[in-house]
Each structure stands twice: as C-alpha cells, then as structure tokens.
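Biologist: Please take me through how to read the features of a model, one at a time.
Modeller: Ask about each feature, and the general idea will come before the case.

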Amino acid sequence: MAYLGDPKRTIEILNKYHIVFQKKFGQNFLIDTHVLDKIIAAAGITREDTVLEIGPGIGTMTQYLCENAGKVIAVEIDRTLVPILENDTLSGYDNFRIINEDVLKLDLKKLIDEENGGRPIKVAANLPYYITTPIVMKLLEERLPIDNITVMVQKEVADRMQAGPGSKDYGALSLAVQYYAEAYIAANVPPNCFMPRPNVGSAVIRLTLHREPPVKVRDEKLMFALIRASFNQRRKTLQNGIVNSPELSFTKEQVAAALSGMGLSESVRGEALTLEQFGELSDRLL
Ligand code: SAM
C-alpha cells in the first residue's frame, strides 16, 4: 500500500486524476506522516472506535484512520473525489463508508445512531478552514455522542479555542468551546506540511467533550447572549456591551447591581470574566 502521507504518492494521484484543488472547498491536503501520527495519537484512536472524518480529500488521513480504527465514516462534499477514494486510494480497506454530503447539512445524530448504535464516536479531520467554526459548533451544540474531536484548524483559531481570561485570544469562541469541551493543542503544523500550502499556520486541537457542563446555568441562551454582547464591543466595558446589545434589554442599573453582587467593578471588561462568572452573571440577571 502506497501512503498518501508520502508527497510523491499524493502527486501521483493528483496527476493521474487531473485533480485541480478546489479553493471554495478549502482543499489543502496533508503530506506529512508525522502529523498524521500525531493526530491519531492525540485522538487516542483504537480498533474499538468508530471515527467520523470530515473532508477526506483524496484519503490521506482516511488511510491512517482505516488502519487504526474499527470503522471510518468519511463525509466529503466534493463528489469528484468519491470514485478516487472508493476505487483507488482506499480500495485496500473494507472498514470505511463514504458519504457525499455537506457535513453542515447532515443529520449527525441519526448517522451515529445508525453506524454506532448511538454509542460515542470520535471525530478526526483536517478541516476546511472556511467553515471551521460552524462545523465545530455544530458538533458541540447538537449534544451528539462524541468522545473527542481532534482536528486541524488555523493556528489562530486553535489559540482562541484554548485561551483563558486575560489572554488577547480569549473571547466568545473560547467560552463557547470550553462550555462543551476541554481544549488541548496537540501540535503546531507549518504550511509546508500541506499541498497546496495555506497562507496561515495550523494546529491540531483536541476537544474532549465534558459529560456535564462545567458550569450549571439556568438559561444557557441568556449566558451566551451575554458573552456575545460583552465581546462584540471589545474595548467597551462589559456593562456598556450588555446595555447596548440589541439582543438584550437590561438597564445599566440592573447590570451594575448584578456585577456589584459578584464583587466586580462597573468598569470590568468581558475578557476578565471566567466561564463560571458569566454563568453567575446570567443567573443573577434572569
Ligand atoms: N483530509 C484531507 C487531507 O488531510 O489531506 C483533506 C483536507 S482539506 C483541508 C478539507 C476537505 O474537506 C476537502 O476534501 C474538501 O473538499 C472537504 N470539504 C469542504 N467543505 C466540506 C463540507 N461542507 N462538507 C464535507 N466536506 C467538505
């Protein structure tokens, strides 16, 4: 079996099928076996696992997944790649299924029920960067049976997902991700590990889903609305952000009273608050 992690083999397949990279689908194929090893190791994939791969491309990571997992379900939007996967690059494996779909439109709950009897799966992917956040948030917000999501993303996005209060990268994405999962950056990956090379650095991030949210909050929607409001106007105080938010209708006095009840100053900024504090603020304002 010739592995696509070897750039020579990738070039062979690209030439054989006259593949033109589809920029609109965020196609940057991996050509580094060390990175593939790191993804498999970080995800902790074993023969017991059913893995969902988003965007197999020509099958570079899929080959590794098929060799390490029990079963691989790969969802690819580009239909021209499907016959290449089925008849060539993955033809040596019998533990995969390709679904030619847009992952954002797929009923993943139903898929996991059908493919794994509703038991937790793992997600592994070198994500298309133009839709990284919608894909990750879909996987988290739909409360699917998922063990961990181990994915390649833009470095800057990985930093934002993992950041804590006080860091310049801390924001609504950090809090949204950390409400559902524990984030861990497993590797930084330079542009020369891909073909074609992206213009940005990349990182492998593992999100291990919490069994229970780390914060108990009475109205999740309100908490996230407060989080969005306080980071929408980053240079303003949290109080002004909330009072000016078109999504919310709290008065200055209400916000000031809630903040003072928490021992926080009226001039505090959103970036100083932990997830627990946003939870408490939300419960106080409810
Ligand atoms: N896994 C391959 C690799 O590592 O070499 C390819 C990764 S490439 C960065 C992203 C892949 O996601 C491409 O194959 C692209 O066609 C696919 N893709 C893009 N948008 C998608 C979507 N909405 N649903 C499913 N696949 C998508």
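Biologist: In which loop is Pro-196 found?
Modeller: Pro-196 is in the loop between β8 (194–195) and β9 (202–209). Strands (E, at least two residues) and helices (H or I, at least four) are DSSP runs, numbered from the N terminus. Residues are numbered from 1 along each chain as its sequence is written, and side-chain values use heavy atoms, with hydrogens and water left out. This is a predicted model: local features need pLDDT of at least 70, side-chain atom pairs count only at pLDDT 80 or more, and totals for chains, interfaces and linings use all residues.

Biologist: What kind of peptide bond joins Met-195 and Pro-196?
Modeller: Most residues other than glycine have a negative phi, and most peptide bonds are trans. The bond between Met-195 and Pro-196 is cis, with omega about -10°.

Biologist: Which phi does His-18 take, positive or negative?
Modeller: His-18 has a positive phi of about 50°, although it is not a glycine. His-18 sits in the loop between α1 (7–16) and β1. With a relative accessible area of 68%, His-18 is exposed; buried means under 20%, exposed over 50%, and partly exposed in between (1.4 Å probe, protein chains only).
Modeller: Arg-143 also has a positive phi of about 50° and is not a glycine either. Arg-143 lies in the loop between α6 and β6 (146–154), just after α6. At 48% relative accessibility, Arg-143 is partly exposed.

Biologist: How many of the residues of α6 are buried?
Modeller: In α6, 7 of the 10 residues are buried, so the helix is largely enclosed by the rest of the structure. They are Thr-132, Ile-135, Val-136, Met-137, Lys-138, Leu-139 and Leu-140.

Biologist: Why does Lys-138 count as buried?
Modeller: Lys-138 counts as buried because its relative accessibility is 12%. Lys-138 belongs to helix α6 (residues 132–141).

Biologist: What joins the side chains of Asn-116 and Thr-50?
Modeller: A polar contact of 3.0 Å joins them. Such a contact is a pair of N or O atoms within 3.5 Å; within protein, one must be able to donate a hydrogen and the other to accept it, and residues adjacent in sequence count only if both atoms are side-chain atoms. Asn-116 is in helix α5 (residues 108–116), and at 9% relative accessibility Asn-116 is buried.

Biologist: How many aromatic pairs does the count come to?
Modeller: A pair of aromatic rings is described by the distance of the centres and the angle of the planes. Rings of Phe, Tyr and Trp (its six-membered ring) pair if their centres lie within 6.5 Å; planes under 30 degrees apart count as stacked, over 60 as edge-to-face and the rest as tilted. By this rule there are 7 aromatic pairs. Tyr-180 and Phe-224 have ring centres 6.4 Å apart and planes at 10°, so this pair is stacked. The pair links distant parts of the chain, 44 residues apart: Tyr-180 is in helix α8 (residues 172–180) and Phe-224 in helix α9 (residues 220–232). Tyr-180 is buried at 9% relative accessible area, and Phe-224 is buried at 13%. Tyr-170, Phe-231 and Phe-278 form one aromatic cluster.

Biologist: Which residues around the ligand come nearest?
Modeller: Leu-30, Gly-55, Glu-76, Asp-102 and Asn-126 come nearest, of 23 residues around the ligand; a residue is near if one of its heavy atoms lies within 4 Å. A polar side-chain atom of Asn-126 is 2.9 Å from an oxygen atom of the ligand. An N or O atom in the side chain of Gln-27 is also 2.9 Å from a ligand oxygen atom. A polar backbone atom of Pro-56 lies 3.4 Å from a nitrogen atom of the ligand.

Biologist: What share of its accessible area does the protein cover?
Modeller: The protein covers 99% of the 600 Å² of accessible area that the ligand has on its own. Accessible areas come from the Shrake-Rupley method with a 1.4 Å probe; for residues, only the protein chains shown count as cover. The elements giving two or more residues to the shell around the ligand are β1 (29–30) and β3 (71–76).

Biologist: How many helices and strands are there in the protein?
Modeller: The protein has 12 helices and 9 strands. Its C-alpha trace spans about 65 × 40 × 30 Å along the principal axes. Of its 286 residues, 53% are buried.
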